[in-house]
Structures are given as structure tokens and as C-alpha cells.
Amino acid sequence: MSTLSPQSFVEHAVATSIADDCVVLVHDKTGANLRWANNTLTTNGVMHGVTVTVISFVRTSAGVSTGSVSGSATTQAQVTALVEAADAAARAGTPAEDAADLPRDRVSPTWAEESVPTDVHVYDAFAPALGEAFGRATAADRVLYGFVNHEVTTMYLGSTTGLRLRHVQPTGHYGCTGKTADLTQSAWVGGATRDFTDVDALTMDAALEQRLGWGARQVALPAGRYDTILPPTAVADLMIDAYWYAGARVAWEGQSVYSRRGGGTRIGERIARPGVDLFSDPAYPGLECAPFVVASRSGNESSVFDNGLPLERTDWIRDGELTSLLQTRHSAAMTSQPVTPAVDNLVLSVDGAGGSVEDLVAGTERGLLLTCLWYIREVDPQTLLLTGLTRDGVYLVENGEITGSVNNFRFNESPVDLLNRFTHASATVPSFSREWGDDYFSRTATPALRVPDFNMSSVSQAQ
Amino acid sequence: MSGQQVDPSFLSLPYRRLGDTALARAQELGASHADFRFERVRYQDLAVRDAVLQSASDREDLGFAVRVLHGGAWGFAAGVVLTDEEAVRVAETAVAVARVAAKMTPVPVELAPEPVHADVTWVSAYDLNPLDVPVAEKAAVLVGWTDRLRVGAAVDHASAYLMQVQENKYYADLTGTRTTQQRVRMQPGFEAMGAGADTFDSMSSIAPPVGRGWEYVVGGAPDSWDWDAEVAEVPELLAEKLKAPSVEAGSYDLVIHPSNLWLTIHESIGHATELDRALGYEANYAGTSFATYDKLGSLRYGSGVMNVTGDRTLPHGLATVGYDDEGVETQSWDIVRDGVLVGYQLDRAMGRMKPELAGPDLPDGRSNGCAYADSPGHIPIQRMANVSLQPAPDGPSTEELIGRVERGLYVVGDKSWSIDMQRFNFQFTAQRFYQIQDGELVGQVRDVAYQATTTEFWGSLEAVGGPETWVLGGAFNCGKAQPGQVASVSHGCPTSLFRGVNILNTTDEAGH
């Protein structure tokens, strides 16, 4: 733990800065993780870090220039050095195009509270069960590979304009890949958690055992368009890309799938099926995240001048219509739209949808059920064409039942197109993106979707 | 090793005292191995859009880590408070974590031996540390680039960026090795965006990131990038791209420039020959490899003209360093020789597991120096060396390679990339694809991606260019491991000719 409180760092920085204004962000983060492969623990660790970011604002006749400096800090002298560097950077800077009045005078009721840590004891129940799962898997000729991570970040935001905001963000996730001993079959389970009380290693292993059992019959299928069930984790993978590429400025300047040909954005256009809602909400149960803007630097989708702006539920797509894009105050003025900054969670829901993945399987005559997607990258921004691969389990569905496992595929698809083409959806449930959930974006809730003509561009031999 | 000195502000930090304190405590508690890393990594990023400085931000990671082997299991802990008490606490935590881990570590971990490097210093090769250059001077260069790009009629918007890193590390372990190192690296770049009648597109710089200093931008080094020339030509290249016809999907011969081929090497060779992946230690995240250990010495990776080396000593390489994060002196070695898999990248634990990779003179094995952690808060893992395709000593020029093609494409600059979790199936795009007809370039085509399987692709390699076509490309932020870590790595290659590669039309793929 740091020897001085985060609040004292904020107050010291605000008092020390000789810039016209100053915003201070303190991230006090602890983490603990376990990693395993080949039925044995491989690495593990506990970490603690305190990062202080000082953003200074200097007004001149030409405008307001800014300087942003971050660093590890555990002493007042280190904070002083950061303040001096940020003040100097702002004085040497050029006027910022996104200059705006800083938000003022809001104080979190919990401002004075201490940081909340985590440590290796978060696995007190999980770790022994994992050891037991290793033994069970070894005895049954299965091999387990996986990772659990738990972090808690206590974030403090203070400013010369009277902001004193605090947010505690627990972030945890688990993922385990199981393979048959001959390494020819692979399965995966994973998810997000806030405290690991809802994660059990033996349940995880049992799910892998069931999935590997589905691989007893192996079917080779060629590339082509297939009736495909995307489970919530795969939908989360795709929707995160649809969200990340939804910057208002880039759309306004004609460079994204959300750009209107001839100029402007597609806000107001129907881009998905009626009944489709894509939204973020800092208060969404189970996915709670920071209810105010935190920005250490300015860019197309963030502005240091917006630090501390309150966040609330934002509809990105409402009833199939594009309603908002990721906006700073600067881009909102540019596009003549409301200010809708990014929020650190994402929910997709479909009106009237219900049931589970299993229900979608039961209603499918012949198709594919995926497990998850991997190595997803943008190919063409005009259509938001993405490429990527299936991973760790593609299953054949025949007459409403899973009848075997299929080879992996590379896909080429646009998530925006998929929101128009799907025919069935399940209820929205907590989900976890295999690709982006670990390090970037773990708070998602999505349904499973059934898409009648999902483009499997080629076969992947990966097992 | 350059003539530069280690930053005095790093040398003034109390890393030696903290290291001695932490190691002594770990030894008292019975650790069979203990290492201590103290790191300060300074980052500075600048971004400019349409001649306006959008952001200039500095960040510094400072802290230390203790890693122990205790009871045959790893334990790791990291902290940021630079006091003796914290050094003791972190060492004790690492041992406590190892005690928990021992219950789930049925096979004790062993490390390949490494000679003691008693007190050595290494600094990478550069002339002027970019972090010592005033921000205003660097921003002015980026603003100038976007100003000049926007003069082009086809350019609606232009952006530019500059990422810079100064990495200082001190490593100490119970055997007595003590290394102090400093590396500098940077990635400048720009992009021009424009719209045609019914399309929009972009054209980016193809300049690689480098282990060099500011001289790479302002000139003065023998192989500095010619930024002025590239800024001048990109608007016209974008204008041509916006008017270019859409490609007809099918099989084409490809002449691939190093600015594109480096990334294919990174994905299909670099990652595939990491021994941790081949042994399953990345199975849950980055994936495994088709190049499994049983195929060593027999896997026909590509054609007979394919020779690939791993090298952590290459001047200006992004993965170049004197000693790795396990105190191993870095090396160079063969990975693919005459088209056959002959080597892997490994760390000390893997070196001990596969001692035959070190040869008969080292019966307990040896790491080839590929351990790396991207911050003081992360555990060293096996990361990529500079993995490079060698040119043919008397090989052809790029023009000669193009001249051998009747119907094909000349591929320049990287863009999107994706490969499966065993490194078989990949799909790449580029900044620009030029059509080749009867040995001549006849203009750009659009909407192109090339898709292949690793061994088929490298098997179709007919010729590699000569040394004059060889360029050192690279990646600034390659991701791997859990918790996720990033690393920088360079890949050199010559212009090369591949026969019969599958080309997709991406508009067709999107169903439009």
C-alpha cells in the first residue's frame, strides 16, 4: 500500500500546480492472478501500483493548452515532480481544439474512504478446487489451460474546479481451455466476475468435459455460409468492435460505417432490425462502472476537458435506429448532437427475445453452434467488415441437437450487417468477450443470435 | 552497445540496495532461486490531427518485482514503494505465493544454468534520445506532415503520431548476476484520409518502428527514413487508390515488399516458433502452434530458399538487448534453415526442459535469451526475438522479381492482419496492391486481402530478393500472455516472390 493517501496526493497536486487549472487522477490498483497449463500451475502473482496523472491547463490569448503526465507515485515528492512536469508541458503546448470549461463542484459521498484492495485470498475457495480439477482432468485424459485474474482499482478524480470524485471498480474474469489428451479436441468456458464468489473450478471442468464429449463425432465441413448460432460471448466480441468504431468525429468526417455518404453521420437512420437496442449504463446491475468521464489524454473519442462529466444510460441503437455515437463535448458541437461520452460497459438486447442458447439449438434444423471468436480485426471501415476465427469448439446442430464437432473457420462479417440479418435471439445475459474481455472490456451483456448466412470464408486447421 | 550512457536519473534510484535486501530475504526464507527486477519505463505519445496537436502525454512506470522458486514452484510479487521495508514485504509475499502454488505444481520447475554476469551495463544504439527533444519541436514536425499531406486534392483529413519509449532495467539474482540496461525506441507515422465518388479510404506511412533515436526523423543516420519523400508521394498514392478498380478474386502470384511481409513473418513464423506456445503454455490465450516440438528437424516450413533467424543482438532491433529478464546474455540462432524447422525461442525453464536445443556441450540446456516483462508489475515470459527472413546473397532486385510475374500483385505496407490460434490460417491486407501484368506494374487495385495457410504460403516462396531489398520492419505493441503484456520486436526481410496465393475481394466478402 502507498504510505500516503490518494486523497492527499490529489490535494497536494491541486495546491502545488501553478497552472490556471489542474485535474488529478489517482488509480490505486491491486491484482492477483493464477495461470495454469498442462494441468499444473505455471505462473501467479500479486501486484500493487499507484498511478497519478496530472493534467494541467494554461490559458493564453490564443486559447487553452494542456499537459498530461502520469507516473507511479508513492511519495509527495513524486507527485510534486509530476505536477511540475505537467505544468511545464501545458506552458509549452499549443492551444487545444477541444477546450471547454472544466466540470465543477461535485463531490462523491465516498470521497474520504480508503482504497479497496484485493489479494490472493480471493482464490481461497477457487484454488483448492482448481487443484482437484487438475487431478480429475488428468485421470480422465483431459488437459486444462487457464487463467483467473482479479483486480480492484480505486479511482480518485480531483480538480481545481471543485471535483472530488471516487469510484471503486472490481474487475475479474476466468477462462479455461480443455483439450483431449491427444490435443485433437478443444473446448473453452469463461466469464466475468466481480468477486469470484460465483466461480467454481469443478463446475468449469465439468462444462469442459461435456463440451469435449460433443467432439466424439468429428465432421469436416467446407467454407461457405451457414445457419450459425453465435453464443453471448461471440456476440460480445462483435458488439465491442461495433462500439469501439462508433466515434462521432470519425463518422462525421466520413471515415466509418456510421458515416452518411455525402457528409454527416447516420444518426437517425435505421441500421439494425426493429427491436434491437444497444446501450451502455453505468448502473446496469452486475456491470456497474464509473459514472463519470475519466480521460488522461484527448483524442477523437475522449477529451481531458470532459473529466468528471456525469455518465448515464446512453442508447447507441434504439429500436434499430442509430441514436448516438461516442461524443466528447468537442465532437458534439461539431456534429450538433448531444454529449454522449463512452461508458465502460455495453448491453445488447432484442425486444421479445427469451430463452437460452440451448433453446436456439433446439429450434435449429441444421446449423453450427460456435463457442467463441478470436483474432478479430477490421478489414474495411466502410462496411465495418471484420475478419477473425472460430476457436475451441464449433458444433454441428442437427434436428435441434448437437451431434458432433466441426473444424474451425475464418469468418468475414460486419457486426452492423449481423444486427439486420439475425433471425432469432435469446435473452440478454452477462457475457464475456474472449478476445477483448481479458484486458480491455469485460463488462458486457448480450444475447445469443442465430444468423442464417454467416460467412465462413475458409477452413482453419487449428485444433 | 552504443556510446550512450545510462540515464543518471535512473542510476540515482536505490535499486541496488532494494535488490540486495529483497534477495537476502528470499534466500533466508529458503528460495532456491530468486531474482529482482527494478524498472523505470518512460513513455511519451504525441498525436496530431489536421495540423492541430490533439494530445501530448507522458507516462512513467516505476517499480520492482521479486520472483522466486520455492518448493519447486514459482512465486511472484511486485510493488512500487521504494523502501527497504517494502522490498522485504514483496519478497515475503513472493515466497508466500509460491507456497500456495506448490500445492498445484506437481512437477518442480527447474532453470537452465547461465554464466554469472557480475556487473554489466548495456545501452542500445541511438544518437539522440527522443525524450530529450522538446515536445514543441517534435509536434512541429508532425503538424508539418499533416499540413503537407492536406495539400493533396484527394486528402480530406490527415493525422500523425509519435510514440517514444525509454526503458531502464536493473536485474539481480542469487547467483550474483547484476545487469543495468537502457533501451530507446520510437514509432513515428502518419495517415491521409480521403473520399472518392462512392468510397473512402486511407493511405499510411510504411515507415517501420525502430530502436533508434530522433535522428530517424530528422536525418543524420545512414538509413534514416526519407519522410519528406513519403509525405510528398502519399496524397497521389491515395488519389490513385480511391479511383482504382476492385480486384477480381482468384489465385495470383505475389511480390511482397518488406513493409508488408514483416507482419506475415511475425504472425506465421515468429509466434509459431515460440516454444511456450509449442508446449501449450499459451493455449488458453494467444494459442498454441502447429510447429510442435516433435516436428523439430523435420517440419518442411517452406521452400528451400527460406532461411529464418532469431536474433536479440541485431543493431536497432526492437527486441535487441544485452541481457534478458532472466539475466541471460542474448544470442542469435537459426529457426528455419533451407526451409526446415531447426530452432525455437525459449527462456530458462524451457531451456532446461529441452536441453538438446543447446547442443551436446551444454547438457543442462541454455536459454537463448527470450524472457521479457513489459513492466515492473509483470512476470517475465517468453517473448519474441527479432525473427528475420534472410536475403539471398546474390538475389534479385525488386524489379527483377516483378519482372518474373505474368499475372500478379505487388503488395506494399501492412494494414489488417489475423491468424488462427495455431498459426495455420491467416488473412492480411495492405496499404496498396499494384496489379502486375507481364512483368510490369499497371496501377493499384482495391478491396484486396490475401489468405493462406502458413506452410502452403511459405512453400510457395519461389525467390527471395538480394541484400539491397532487405528492410528491418517491426511491431511496437505485440500482445501476449495473461495478464496481458506488450513487447516490441523487429523483423527483417527481403522483397520476396510467392506463387499462386489466394486473393479475396473484401467487398464481396462483406456481401456488398
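Ala51(B) sits in the loop that links strand 1 (33–49) and strand 2 (52–70) of chain B. Helices (H or I, at least four residues) and strands (E, at least two) are DSSP runs, numbered from the N terminus. This is a predicted model, in which local features need pLDDT of at least 70, side-chain atom pairs count only at pLDDT 80 or more, and totals for chains, interfaces and linings use all residues. Residues are numbered from 1 along each chain as its sequence is written, chains are lettered from A and ligands numbered from 1 in the order in which they are written, and side-chain values use heavy atoms, with hydrogens and water left out.

Ala51(B) is not a glycine, but its phi is positive, about 70 degrees. Most residues other than glycine have a negative phi, and most peptide bonds are trans. Ala51(B) has 22% relative accessibility and so counts as partly exposed. Buried means under 20% relative accessible area, exposed over 50%, and partly exposed in between (1.4 Å probe, protein chains only).

Chain A has a positive phi too: Asp319(A), near 50 degrees. Its loop runs between strand 10 (314–318) and strand 11 (321–322) of chain A. Asp319(A) is partly exposed, at 37% relative accessibility.

Chain B also holds a cis peptide bond, between Gln482(B) and Pro483(B), with omega about -5 degrees. Pro483(B) lies in the loop between strand 20 (471–480) and strand 21 (485–493) of chain B.

Now the helices. In chain A, the axes of helix 3 (residues 126–139) and helix 4 (residues 201–214) are 7 Å apart, at an angle of about 30 degrees. Axes are lines fitted to C-alpha atoms, for helices over the stretch in contact, and angles run from 0 to 180 degrees between N-to-C directions. These two helices of chain A are therefore roughly parallel. Angles under 35 degrees count as roughly parallel, over 145 as roughly antiparallel, 65 to 115 as roughly perpendicular and the rest as oblique. Contact means heavy atoms within 4.5 Å. Helix 3 of chain A contributes residues including Phe126(A), Leu130(A) and Arg136(A), and helix 4 of chain A residues including Leu202(A), Met204(A) and Asp205(A).

Phe126(A) returns in the largest nonpolar core, of 67 residues. Such a core is a set of buried Ala, Val, Leu, Ile, Met, Phe, Trp, Tyr and Cys residues joined through side-chain atoms within 4.5 Å. Trp36(A), Tyr123(A), Phe126(A), Phe36(B), Phe38(B) and Val68(B) touch the most other members. Helix 3 (residues 84–102) of chain B gives the largest share, eight residues.
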